[in-house]
Amino acid sequence: MGLKVLIVDDSSTMRRIIAKTLKSLDVDEILQAADGVDAIMILNDKKVDLVLSDWNMPRMNGLRMVKKLRENPDTASIPIIMVTTEAERASVVEAIKAGANNYLAKPFTPDALIKKIKETLHL
Ligand SMILES: [Mg+2]
């Protein structure tokens, strides 16, 4: 059975790039959310194997989303990879402390994203 992945980013272009890259993995469902609020709503009734999340988003940013997901026993152990711009890199430490499993800096190559996912999910 393939992976179910949730992509969280306020840029639809970035979501599309990530979704396209995921096609080289055994993925059978890709869900998308434009911010942390949408992501949490989706995760309230869908189980996923991986969350790939942006940092800067309206309504609820990636850091707040990670904190909220970790507070809830149902979502506490979902693997989360933060996909951040170089400028947000300093904040990554904060996200890891809050419970994100890994991070990747934008811009990234498809190979770098795949490698990061495999490393995080031990594939
Ligand atoms: Mg953003």
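**Figure 1. The burial of L63 in the predicted model.** L63 counts as buried because 22 C-beta neighbours lie inside 10 Å, where buried stands for 20 or more other C-beta atoms within 10 Å of a residue's own, exposed for 12 or fewer and partly exposed for anything in between, with C-beta atoms placed from the backbone. This is a predicted model, in which local features need pLDDT of at least 70 and side-chain atom pairs count only at pLDDT 80 or more, while totals for chains, interfaces and linings use all residues. Residues are numbered from 1 along each chain as its sequence is written.

**Figure 2. The contacts of L63.** Leaving aside neighbours within four places in sequence, L63 is in contact with W55, S91, E94, A95 and A98, a contact being a pair of residues whose C-beta atoms, placed from the backbone, lie within 7 Å. L63 and A100, which are 37 residues apart in sequence, are separated by 8.6 Å from C-alpha to C-alpha.

**Figure 3. Helix 3 and its buried face.** L63 belongs to helix 3, residues 62–71; helices (H or I, at least four residues) and strands (E, at least two) are DSSP runs, numbered from the N terminus. Within helix 3, the residues G62, L63, M65, V66 and L69 are buried. Seen down the axis of helix 3, these buried residues fall within an arc of 160°, so they line one face of the helix, the arc being that of the directions from the helix axis to the C-beta atoms.

**Figure 4. The packing partners of helix 3.** The buried residues of helix 3 pack against strand 1 (3–8), helix 2 (36–45), strand 3 (50–53), strand 4 (80–85) and helix 4 (92–98).

Note on methods
Two residues are in contact if their C-beta atoms, placed from the backbone, lie within 7 Å.
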